[in-house]
Amino acid sequence: MSQYYGRPPQAPPEDEQIPETTTFHIENVNLRRLTGADKVAGVASFLLLISLFLPWYGVSANGATVTLSGTGVHRFLWLAVLLTVVVLTYLIVHATVGLSQTPMNRLSHEPVLLALTLLQLILVIVPFFDVPDTLIKGVTVNFQYGAFVGLIAAITAVATVIAPFIRSRRAVR
């Protein structure tokens, strides 16, 4: 038996325009406000967030392997964690109250999301060029699955946002 506080939630008809609200309530989250690209970028950003805490590096010596997370080796990846939380929050606010009710109403949605996901990608690519090295004979450092999951997720987030950005720029002209 479920209980509702206030009136029970009702889904709006498919052809009805979704009104924008001015306050954030979890029951106001409506994923129909998001485009397909927004949804894919949100899922990819969530996967990126998870991957930042998965093993990114394996250090092997004498047959034993120790794994290290991306944030454990590269402290700047905490910026990627913060940025990913910003992307997810931005998309949740967009799905809840719409952008016209926020201070972001003067900015176009596509360039903002593209800029945020590009910054994510840059922060994730840097560790592939800054691999921790050892000068100890017999000790090797290699990439683990978390690094590849993070890279694929960051590329996916950017790739899905580029096409809507280009279409919005062409529509302006």
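Q: What share of the 173 residues of the protein chain counts as buried?
A: Keep in mind that we're looking at a predicted model. A residue counts as buried when its relative accessible area is under 20%. Go through the 173 residues of the protein chain with that cut-off, and the buried share is 35%.

Q: What percentage of the contacts with a separation of 6 or more comes from residues 24 or more positions apart?
A: A contact here means heavy atoms within 4.5 Å. Take the contacts in the protein chain with a separation of 6 or more, then pick out the ones between residues 24 or more positions apart. Their share is 71%.

Q: How much of the accessible surface of the protein chain belongs to carbon and sulfur atoms?
A: The accessible surface of the protein chain comes to about 10900 Å². Carbon and sulfur atoms hold a share of 65%.

Q: Is Leu47 buried, partly exposed or exposed?
A: You'll find Leu47 in helix H1, which covers residues 36–51. Together with Val43, Phe46 and Ile50, Leu47 forms a nonpolar patch on the surface, with about 360 Å² of accessible area in all. The relative accessible area of Leu47 is 42%, so this residue is partly exposed.

Q: Which side chain makes a polar contact with the side chain of Tyr57?
A: Tyr57 sits in strand E1, residues 55–61. This residue is buried, because its relative accessibility is 1%. Val141 is 84 residues away in sequence, yet the two C-alpha atoms are 6.6 Å apart in space. The polar contact of the Tyr57 side chain, at 2.8 Å, is with the side chain of His74.

Q: Which side chain makes a polar contact with the side chain of Ser60?
A: Ser60 is also in strand E1, and its relative accessibility is 19%, so it counts as buried. Leaving out residues up to four places away in sequence, Ser60 touches Gly138, Val139 and Thr140, as well as Thr65. The polar contact, at 3.1 Å, is with the side chain of Thr65.

Q: What is the phi of Asn62, a residue that is not a glycine?
A: Asn62 is in the loop between E1 and strand E2, and it is exposed, because its relative accessible area is 83%. Its C-alpha lies 10.0 Å from that of Thr140, which is 78 residues away along the chain. Most residues other than glycine have a negative phi. Asn62 has a positive one, about 55°.

Q: How far apart in space are Lys137 and Ala61, C-alpha to C-alpha?
A: Lys137 is in the loop between helix H4 (109–129) and strand E3 (139–143). With a relative accessible area of 83%, Lys137 is exposed. Along the sequence, Lys137 and Ala61 are 76 residues apart, while in space their C-alpha atoms are separated by 8.9 Å.

Q: Is Phe165 buried, partly exposed or exposed?
A: Phe165 lies in helix H5, residues 145–172. Not counting residues up to four places away in sequence, Phe165 touches Glu110, Pro111 and Leu114. Its C-alpha is 8.9 Å from the C-alpha of Leu113, a residue 52 places away along the chain. The relative accessibility of Phe165 is 22%, so it counts as partly exposed.

Notes. Residues numbered from 1 in each chain as written. Predicted model: local features only at pLDDT ≥ 70, side-chain atom pairs only at ≥ 80, totals over all residues. Heavy atoms only, no water. Buried < 20%, exposed > 50% of the residue type's maximum accessible area, 1.4 Å probe, protein only. Areas by Shrake-Rupley, 256 points an atom, 1.4 Å probe, with all protein chains shown as cover. Patch = residues over 30% accessible without salt bridge, like charges linked within 9 Å, V, L, I, M, F, W, Y side chains within 5 Å. Salt bridge = Lys/Arg side-chain N within 4 Å of Asp/Glu carboxyl O. Helix = DSSP H or I, 4+ residues; strand = E, 2+ residues; numbered from the N terminus. Polar contact = N/O pair within 3.5 Å; in protein donor to acceptor, adjacent residues only side chain to side chain.
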